[in-house]
Amino acid sequence: MEKKRKIFLWVYLAGMAVLVFLDQITKIAAENKLYNKKAFVIIDGFFELSYLRNSGAAWGMLSGKRIFFLLITLFMLGVITYAVIKMPAVKKMIPLECVCILLGAGAAGNFIDRLVFGYVRDFIYFKAINFPVFNVADSYVTVAEILFIILIFFVYDEADFDFLKFNNKKDDK
């Protein structure tokens with residue numbers, strides 16, 4: 001593996017580690033300060049911190065499907081890591097690598113919760129719109145998705161993603 005690509009991979013792994021650490025710290029704090037307590041109101045009727053143990057996805061969908069979520073997460077982490085490994089180590093790809101870091105960290109943060117506890121610790125709640133209670137890892141994934149859409153529409157073209165093709169002729173050299 002060339003030096004620049006190794007750097008991309010190390011930045012990806014280090015970035016994920018830092019973000020997962022921050023996610024886990026916020027979840028520990030939320031559990032310590034909010035579990036079995038009334039919601040901490042930040043803006044009355046709009047935004048509050050309210051602890052919830054979620055064994056499903058958003059709005060509790062697929063509740064109790066722990067093995068399903070663990071397997072899907074491992075698959076997605078594999079796909080994201082594959083993309084980072086195959087990604088050209090050029091300046092233009094740095095925003096895409098940031099998206100991969102956010103996606104990977106979000107997936108890994110919730111994976112840890114599901115693996116260790118059997119549920120995800122959620123605590124951020126926009127009451128005004130009755131948005132599902134979520135956590136920092138979920139925020140990483142949401143921001144990554146928004147950034148990815150922006151990158152697809154305004155930065156990258158189809159040829160920029162040729163590195164993801166399994167039959168990429170460049171790999172045959």
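**Aromatic rings in a predicted model**

Ring pairs join F46, F47, F126, F131 and F134 into a cluster. This is a predicted model, where local features need pLDDT of at least 70, side-chain atom pairs count only at pLDDT 80 or more, and totals for chains, interfaces and linings use all residues. Residues are numbered from 1 along each chain as its sequence is written, and side-chain values use heavy atoms, with hydrogens and water left out.

Reader: How many aromatic pairs does a search of the whole structure find?
Author: Rings of Phe, Tyr and Trp (its six-membered ring) pair if their centres lie within 6.5 Å. Searching the whole structure this way gives a count of 11.

Reader: Are the rings of F47 and F126 stacked, edge-to-face or tilted?
Author: Planes under 30 degrees apart count as stacked, over 60 as edge-to-face and the rest as tilted. The centres of F47 and F126 are 4.8 Å apart and their planes stand at 40 degrees, so the pair is tilted.

Reader: How many residues apart are F47 and F126?
Author: F47 is in strand β2 (residues 47-54) and F126 in strand β3 (residues 120-126); strands here are DSSP runs (E, at least two residues), numbered from the N terminus. The pair links distant parts of the chain, and the separation is 79 residues.

Reader: Is F47 buried or exposed?
Author: Buried means under 20% relative accessible area, exposed over 50%, and partly exposed in between (1.4 Å probe, protein chains only). F47 has 18% relative accessibility, so F47 counts as buried.

Reader: And F126, is that residue buried, exposed or partly exposed?
Author: The relative accessibility of F126 is 26%. F126 therefore counts as partly exposed.

Terms used: Helix = DSSP H or I, 4+ residues; strand = E, 2+ residues; numbered from the N terminus.
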